[in-house]
Amino acid sequence: MKGFSRQIKLYHRHYTIQPYFPLKSVLFVLLLSLAFLHFKPSFNPTRNQTLTRNGSHNRTSRFNYIIRFTDYKPASDHRSYLESSLRSNGWYWIERRNPAAKLPTDFGLLSIEDSVKEALIEEIEKLRFVKDVNVDMSYNRGMLVGAFENGKKRPGKIFTSMSFGEENHCHDSGLSNSSINWSRHLLMQRSQVTSLFGADALWRKGYTGAKVKMAIFDTGIRADHPHFRNIKERTNWTNEDTLNDNLGHGTFVAGVIAGEEAECLGFAPDTEIYAFRVFTDAQVSYTSWFLDAFNYAIATNMDVLNLSIGGPDYLDLPFVEKVWEITANSIIMVSAIGNDGPLYGTLNNPADQSDVIGVGGIDYSNHIASFSSRGMSTWEIPHGYGRVKPDVVAYGREIMGSKISTGCKSLSGTSVASPVVAGVVCLLVSVIPENKRKEILNPASMKQALVEGAAKLAGPNMYEQGAGRVDLLESYEILKSYQPRASIFPSVLDYTDCPYSWPFCRQPLYAGAMPVIFNATVLNGMGVIGYVQSPPTWHPSNEEGNLLSIRFTYSEIIWPWTGYLALYMQIKEEGAHFSGVIEGNVTVRIYSPPAQGERAARSSICILKLKLNVVPTPPRSKRVLWDQFHSIKYPPGYIPRDSLDVRNDILDWHGDHLHTNFHIMFNILRDAGYYVETLGSPLTCFDASQYGTLLMVDLEDEYFQEEIEKLRDDVINTGLGLAVFAEWYNVDTMVKMRFFDDNTRSWWTPVTGGANIPALNDLLAPFGIAFGDKILNGDFTIDDEQSRYASGTDIVRFPRGGYVHSFPFLDSSESGATQNLLLNSGMNKANSPILGLLEVGEGRAAVYGDSNCLDSSHMVTNCYRLLRKILDFTGSNIKDPVLFSKSAKQDTPLYEDDNHLSSRRTDVNFSLYSAVIGKDLICRSDSRFEVWGTKGYNLHIRGRNRKLPGYPVIDLGRGLNSTVDTIKSRHPKFTERNTDNSFGNRYLGELDMPELVASQWLIPVVVAFTGIVLLLSIWRIRQKRRRRRRSSSTRSASL
């Protein structure tokens, strides 16, 4: 831009503006430029914070970054350290004026000029005492609306709708796009929620929450509120100059926990309330506000912390790690699991963390509330298996709580169920004598008391209810005699207990199958840190139990308070004909360092009971293998939604797993007699002779060349069936789907389409099949089944002799209408091929251009019937007469030239998100034991990585609580994220990275330059007219 400015100056030197140039035009351009120069954003996250200048202050774009240090020190020390260590200018230290300012801190907030950002951040990260650098993310909690409206992102980080009022008869989840209706007529008279849990029994014993410090992170509270007897402290962490609650949510939450109004009693009225105002009246917060508030909660020794917020972004590194630090300091955190139900795979963070008590919601009839988010956790997939969440459920529909100033009202949501459990926890904490609380109570021991005392509900499965409904009195009995110990949650996996043990109870074990993974959580009440003393062992109850082979992965270091234990279960080959039940226990010994005053280490044996159904190995034709390996989801990248009709949920974040948003399809296939297994490793890692069909649905990743070659051989020579359900892919649409992030002042663009069509076309090339780049929408009927084609793609290559079905659809890509897919008269419908079936060699292939009809997230109509007919063909060569009618047979091939096929985006560094690009081809622990750590079946190649030209090899690493293989990896220190994509979003490409919008200088410069060009153009025109007049006068004189 400096060169641009110099160019403007040269124009001024070269041209002289004539004195008779219109004065009005000059004044208009100057006034317009000045107006833009004085334009500033209306919301400033650093208000009430001081910018301390370092280096020259120019008019340029600046963004706030969190600099995390390795030690806690006074902020002035950190600032001095940076000032003495950094040679570069262009950064400004932001003085944070809040109650934590006087305390030592582990981070600083810097405003960094965009022009020096990359070099300066690199220099900062090289400093010895700097941990990492992250964008100061904005949080926005939509209490009544979701994160996206009409395809546009609301201000702040993506958060679920947290709670909604009793006057609302329909809850619209902004992230799920699902409308949830319920009747206002309850099956029982609504009662005080406290009496439903028996709180009065503990009140009569004298337990009322006394001397319990309760931190409520919300919208604040008024000091003189008549419903509370013990408001100890109110603190404000926002950029607004008030401590009061002007929205009512924070007051309501406090009322559920500790209110004493008879109409809306809280659980622990004597609890000491510490109100942390972390959200503005506009429901906006920043990571830096949370970090300061969390540090203050640690410094002031809070006992319990309620956080009725949540979102899909579990990769916000500063936030997540600070939550770990909160719980490591024995603060019991309770958080809402989310309001994105009834969809699966919609757990919200931080409630999905194993060290946090994640709370789901039920109604007064003990049914899971339709709005309550369902598990499993999605941190671990696609290359592992999720944990059981929520931990517990509590009443969360039409709960009474305090209004802003006086009176009571009713709200619903998991953000209401969360303070119900927080109130229960406060009451339970007060049961323990104050001088013994820190010895006995911690996040693990409290969770043990809650999950072990919970009442399991009849009907919901473990991913809907966790351990069940909180039972205050049972948990009280557990805590009365509690001795520090370790345990496993869930403590039982019983295949005969259906539907609670879904999905495990829906499909028995059998020999030759992919390992079945069960990911349990280790709760260590003995200490904040623990260790596995010796590897877990399997102890069968009878001789048949020796037919079961189990391998384990687990947390070698259990911190803070929790870890994971993953079981990989296979039936040995000698059990191929066995039918029956296998029972036994898995045991693992956990130890922790001795507590203060103790000499010996604390030790505990954890037991996980197994009761497993086993059947003989099913026939090949009935075995379906689901490809999970090639799935990519949000986060870490902006992976867009599959249906562009869904405008309030722009991200693909539900996991794309058989047991999350494809759980209904899984149940349908089981009912049809199919056995569905999951492959979390490359296609070289399964034995094709054992399966009837490889099912590939909505896949975003690339493929190793070895996978392409093996699949060709598997289908043509081994007789494997192949069924592919694709999705839209259109580069113009991806570019137009970008959205602006108000926090980082940047644009974010999808890294791929609904599916990775260029990669799929490479995979299908040996069979002469390819998909196009159309985005098709419309209703159609096939085999007497009405269906909706929702943002699917078309087939542009298919061999002669195959069977192809075409229908007239709207191609929204032709008009470029990517955000509004409503039918317009200007759009033309044309017949487009969408379904193809083909016999190829010994095998069979079927391709379909849309997966929304299988995905329960945004399904309009399902195509389960079509799926069954496809699997009948691919697995058993059963041909439906309609699908294989003569009219559908291709006498001539479909063929599209290579130049017209969908191409990969060259501006995306896809290796950041891919498990293929720049990675080793290796069979992971979710493949058959015999190929663990190898390249796969019948492969002799070694040490080859797939790499796209021009892109570095980057290791994605792994997260905690993971069931993937233990791999030594290093995450880059600097992580630049927008408010909707979190730590792990290392966008290093062009359009897929934040495009910085320098609104403070770009617009005025452009306007000024345009004005100058306009002036010069008018001046030139006048000069030409003057020459013409002169030449005309000369000619007249000559005549």
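In this predicted model, the side chains of Glu240 and Arg277 form a salt bridge, with 2.8 Å from N to O. The two partners belong to distant parts of the chain and stand 37 residues apart. In total, 37 salt bridges are counted in the structure. The points below present several of them by topic.

**The Glu240–Arg277 pair**
- Glu240 is located in the loop between strand 13 (231-236) and helix 7 (249-258), whereas Arg277 is part of strand 14 (residues 272-277).
- Glu240 has a relative accessible area of 19% and is buried, because buried means under 20%.
- Arg277 is also classed as buried, at 0% relative accessibility.

- Glu325 and Lys322 are joined through their side chains by a salt bridge of 3.0 Å, N to O.
- Both residues lie in helix 9 (residues 317-328), where three residues, or about one turn of the helix, separate them.
- Lys322 is buried, its relative accessible area being 3%.

**A pair between two loops**
- A salt bridge of 3.1 Å, N to O, connects the side chains of Glu573 and Arg928.
- Glu573 lies in the loop between strand 29 (562-571) and strand 30 (580-592), and Arg928 lies in the loop between helix 19 (864-876) and strand 45 (974-975), so the pair ties together parts that are 355 residues apart in sequence.
- Arg928 counts as buried, with 6% relative accessibility.

How values were computed: Residues are numbered from 1 along each chain as its sequence is written. This is a predicted model: local features need pLDDT of at least 70, side-chain atom pairs count only at pLDDT 80 or more; totals for chains, interfaces and linings use all residues. Side-chain values use heavy atoms; hydrogens and water are left out. A salt bridge is a side-chain nitrogen of Lys or Arg within 4 Å of a carboxyl oxygen of Asp or Glu. Helices (H or I, at least four residues) and strands (E, at least two) are DSSP runs, numbered from the N terminus. Buried means under 20% relative accessible area, exposed over 50%, partly exposed in between (1.4 Å probe, protein chains only).
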